[in-house]
Amino acid sequence: MSSKLDATDLVLEYPGGERPVIDGESVTVAPGRVTALVGPNGSGKSTLLRGLADQLTPTAGEVLLDGRAIHRLGDRELARELGLLEQEPTAPDGLTVERLAYHGRYPHRGRFDPVDDDDVRAVERALSLAGVSHLRDRPLGDLSGGQRRLAWLAMALAQDPDVLLLDEPTTFLDLRHQLAVMAAIERRRDEAGTTVVLVLHDVEQAARYADEMIVLADGTVHAHGDPETVLTPEVLAAVFGVEARVESGTHGPRVVPLRPVN
Amino acid sequence: MPRPDGGVEDAYEPSAATRRFGWVDRDLLGVVFGGSAVVLVATTLQLSFGSYDITPVDAWRTLLNPAVLLDTAAWRAFLLGATVPDFATGTLVVWTIRLPRVLLAVLVGANLAVSGAILQAITRNELASPFVLGVSSGAGLAVLLTVVVFSGLLPFLPLFAAVGGGLAFLLVYAIAWQGGTSPVRLVLAGVIVSSVFGSVQTGLFLLIEDIGLVRSVIAWTTGSLVGGDWAAVRMMLPWTVLSLSLALLGARELDVLTLGERTASSLGMRVETVRFALSGVAVLAAAASVAAAGIVGFVGLVVPHIVRRLVGSDHRRLLVGCLFAGPALMAAADAGARLALSPAQVPVGIVTGLVGGPYFLYLMRKHGEFGGL
């Protein structure tokens, strides 16, 4: 059964910040589906994602994972069930793809346990899902930006979480690697029933791949639902400040931006 | 079954068992054997030459002499501090004067190299060294205070030095702490503490009237193995074994820390706890070497750097490499320090500095950019 993530009255702020980035929002993430967080720059997408992952302690409110408050779970216990891949993680250039993927097994291994067969299986599955098995012995420093992002995705998949949170996994990638990332995420959802939340920069990409969309504007949830109901000219005008036509296509709604709203 | 990457499912199926020793490879063995060979050569030089010359063959014959090797009374003297049994002069020179100095160089080299490797991982900065977190300034200040103010406590000098280094490290950590630390704040706090302590040190120097004492203090703050004996080896050995074992047990934590604190934290690591504990291990290793040899520069900086180039950044391999390369550099440098200008001896820290400085100059010229891990 897929895991459910619930945030209630969540207030998230950074130390020294003038006001909360997210001020008392409640969000329920649908289990076993891909949910895209979209919104203009500075609308609080990444902050919400970090709050959902317990990487930013809420000032008020709480996040429940299948009914359990996540801040009460042990760090490793939580990491076995919930993974977060940050936007642009960095690693030593000499690290190989396979070793990076094995680091995803960190929460599953006792501090002094050697690699066991479960670890090997999870890593092999993750490398294959991300399509980087053939790059396993290559150091990260030798790879293209897209290949490197897939290697990090393999690490997050090797962590084998029930809930996977991804911060802009496709930004700055060429088309081919964007498709590879999204295909891996969809296969993971279909095969393992993983609940996925991802921040996407590109609204149209979100509409095409996500089962649900959450539109954030200035730290508040403006709309939440499937792409067809969420993506309306009114929402695009109010949140993104563009006048746009929304057409329905075979891969979900298509957005044709026309001009900025004055 | 075909896979999206074009491979075949069963073509490569590593099991957990085959992976277990996969980390020992030719590069690492090269460092292990190369390092050991350098130590053996340096040992041969150190045992043979000096004011009492012995041929290398005789030196090794003396070292492998079963009459000493299998003598429990001798080992009780070396390791527990009992009286040394009556041996021939050559045996005494090799076993009680020259060998402990070599052993000390090996221990100091291993400690400094491992300490540097840990601190470079924690700060994610290749330019970090055991002394960047204030250890050297704290130890130096403690030494000067002992000499100038508490001269009655001179026999405890190494202990005070280690305590001073540890306290300075805690001070650095406290300054860097703002609801958590960061590599940058740690390094900056280290620089601040070092410069303040450095000023106080310089001031204290002016208060010493005995020039001979000034010389010995300078030798100490440069790092020197002159007079290294079994007592120093005994003092250092337990701390070395403790800190190096802890370091090796923490290898995986170090690997994950180099992925950045956010990734480490998402993987379920308590980053602050682990970072503080590992810094503590690094300071312990550095303090043990400070207590035995003073402040030997560059070893903790250069050795992890060279080993990383040879075996990569996997910390199990890196630390094991450092356990062999550190002693190699230190033993070779001390052979140079003791024998190059014989009968005069220079502090070994001067030799490591003369080797380490140009190495970094070479790196700077060859690779426009380095520093980030």
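pLDDT is the predictor's confidence in each residue, from 0 to 100. This is a predicted model, and the mean pLDDT of chain A is 93. In chain A, 100% of residues reach 70 or more. Confidence is lowest in strand β12 of chain A, residues 252–260, with a mean of 89. The highest value, 97, belongs to strand β7 of chain A, residues 163–167.

Start with the sheet. Four strands of chain A make up an open sheet, ordered β2-β1-β4-β5, with antiparallel pairing. Its edges are β2 (22–29) and β5 of chain A, each of which pairs on one side only. Helix α1 of chain A, residues 45–52, packs on this sheet. The helix touches β1, β2 and β4 of chain A, and its direction makes about 120° with that of β1(A). Strand β1 of chain A, residues 5–12, is joined to β2(A) by 6 bridges, and the two run antiparallel. A:V11 has its bridge partner in β2(A), namely A:D23.

Now turn to the loops. A:D66 lies between β4 (60–65) and β5 (68–69) of chain A. A:D66 is not a glycine, yet its phi is positive, at about 50°.

A:E168 sits in the loop between β7 and α6 (175–192) of chain A. A:E168 also has a positive phi, about 45°, although it is not a glycine. Burial starts at 20 or more neighbours. A:E168 has 21 C-beta neighbours inside 10 Å, so A:E168 counts as buried.

Notes: Residues are numbered from 1 along each chain as its sequence is written. Chains are lettered from A and ligands numbered from 1 in the order in which they are written. This is a predicted model: local features need pLDDT of at least 70, side-chain atom pairs count only at pLDDT 80 or more; totals for chains, interfaces and linings use all residues. A residue is buried if 20 or more other C-beta atoms lie within 10 Å of its own, exposed if 12 or fewer, and partly exposed in between; C-beta atoms are placed from the backbone. Two strands pair if DSSP finds at least two bridges between them. Two residues are in contact if their C-beta atoms, placed from the backbone, lie within 7 Å. Axes are lines fitted to C-alpha atoms, for helices over the stretch in contact, and angles run from 0 to 180 degrees between N-to-C directions.
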